[in-house]
Amino acid sequence: MLENFEPKKVFKYFEELTRIPHGSGNTKEISDYCVQFAKEHGLVYYQDEWNNVILVKKASSGRENDLGVILQGHLDMVAVKETDSTHDFMKDPLPLSVEGDWIFSTKTSLGGDDGIAVAYALAVLDDDSISHPRLEVILTVDEETGMTGAKGIDLSMLKGNYLINLDSEEEGYILTSCAGGLNGEIELPMQYVDAKGIAFTIRVDGLMGGHSGAEIQKERANAIKLAGRLLHTINEAAEIGLISFCGGEKDNAIPRSSTIELLVTEEDASRLVEIIRAEEEIYRKEYASSDSGLCLKIEEKGTCTAKVLTPAAQEKLIFLLVNMPNGIQNMSMELKGVPETSLNAGVAVLSQEKFSLTVSVRSSVRSRKHAVSAQIKYLTEFLGGEYRVRGEYPEWEYKKDSKLRELAVAVYQEMYGKKPEVQAIHAGLECGLLLDKCPGLDIISIGPDMKDIHTPKEKLSISSTQRVWEYLLAILGRIS
């Protein structure tokens with residue numbers, strides 16, 4: 001499908017990658033694909049127990065004395081789909097489509113984040129006509145679920161001085177620092193009783209979702225938080241018993257939908273629809289600009305007997321959802337328009353024993369990241385629950401005297417007649433972890449235009465992919 005687009009090798013490899021299932025935690029096959037590529041091209045390679053891969057290519061003739069360059073991206077993708085999609089991320093190739101300048105996958109995420117980085121790297125390694133210094137390619141796993149690959153990888157064999165991370169989503173921007181983060185896991189013990197009533201299923205749906213770092217400043221609705229607010233309103237007006245609650249798919253994706261199942265008395269059943277419709281009108285007004293497709297769906301299931309939460313357990317669950325902080329907590333005082341500290345309620349599941357909620361916390365200030373985490377811990381333990389932290393990663397601090405940044409700015413200006421935007425971002429990148437392992441690395445991050453990453457609406461620009469390819473080659477040609 002992509003064979004007629006330029007650059008041909010980049011799109012060849014990108015399409016091949018989309019045929020290999022590679023959601024986070026399922027990276028063995030794509031890792032082996034990269035190893036096989038190395039064998040076929042006579043490259044030095046390393047593959048570790050986590051499935052991280054490092055590929056090495058010697059410098060072009062005449063460039064043996066130039067400082068080495070590291071290209072870096074990650075092998076895993078956020079695997080999410082529309083509710084009516086039958087796609088199986090464990091075995092199915094992605095159903096690619098092209099519309100105008102955009103590549104997307106029908107009803108699923110595309111994996112442009114960060115499949116395009118892998119495709120760029122393989123295309124460079126596959127072309128002996130490209131002039132470059134010694135190249136080292138780092139391809140990590142499970143970046144999207146706590147950067148565990150970058151944490152475990154051994155980089156002691158590397159010799160590069162410059163690192164170009166290819167995990168950015170907007171052309172014309174050179175990223176020079178990013179926030180650190182952590183994932184918090186909340187568990188509240190739950191108790192149930194048998195109850196009889198009229199069952200209803202309520203769904204918060206139609207939200208935009210998006211990347212909880214790159215798009216948190218867009219103030220999009222969080223389906224888990226909105227469902228908690230809705231539950232509180234219903235609980236204040238009617239006698240209910242909560243059967244089930246779930247929402248979200250990934251820690252670092254803003255939840256697009258959530259589902260509530262509950263029992264109500266016959267007396268309150270007729271009023272429930274009125275409450276839902278009134279709340280829907282309120283929410284649609286509040287989020288008219290950010291989530292125009294927001295809707296509340298309600299379906300009556302009939303009279304039944306079911307296990308529902310005890311009043312005390314239900315109260316604790318609702319209290320947590322209503323009072324749990326979410327979204328931007330602080331904006332940067334130094335970088336205009338850049339969030340400093342935020343958190344995202346990512347995945348919620350009510351089971352027979354517990355209510356689980358995972359949150360993604362980000363901050364460019366380490367102490368504030370820990371302060372928000374401590375706030376969540378206090379709230380959780382106050383309600384009798386347990387809180388754990390996993391997947392913590394450091395911020396990538398701005399380097400004042402970056403020769404790589406200066407070169408990247410100069411090359412861009414020469415190619416396009418204007419200066420690129422040099423930016424810090426709120427989304428997490430692996431650069432901080434890699435810098436911890438290789439102190440002194442000079443790092444930038446670049447990438448082509450992508451939209452709505454971490455959602456089924458994700459798409460990649462064809463023309464931008466070509467321009468960033470040409471830009472990358474120009475940088476490699478000038479590094480000395």
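Contact here means heavy atoms within 4.5 Å. Keep that in mind for this predicted model, where local features need pLDDT of at least 70, side-chain atom pairs count only at pLDDT 80 or more, and totals for chains, interfaces and linings use all residues. Residues are numbered from 1 along each chain as its sequence is written, and side-chain values use heavy atoms, with hydrogens and water left out.

Now the whole protein. Take contacts between residues at least 6 apart in sequence: 78% of them join residues at least 24 apart. The C-alpha atoms fill a box of roughly 85 × 45 × 45 Å along the principal axes. Of the 480 residues, 58% count as buried, meaning under 20% relative accessible area with a 1.4 Å probe, protein chains only.

Next, the cores. A nonpolar core is a set of buried Ala, Val, Leu, Ile, Met, Phe, Trp, Tyr and Cys residues joined through side-chain atoms within 4.5 Å. The largest has 64 residues, and Leu 55, Leu 71, Ile 164 and Ile 475 have the most contacts inside it. Ile 475 touches Ile 164, among others, leaving aside neighbours within four places in sequence. Another core lies apart, with 53 residues, including Ile 202.

Is Thr 259 buried or exposed? Thr 259 is buried, because its relative accessible area is 15%. Its contacts include Ile 202 and Phe 245, again leaving aside neighbours within four places in sequence.

Key
Buried < 20%, exposed > 50% of the residue type's maximum accessible area, 1.4 Å probe, protein only.
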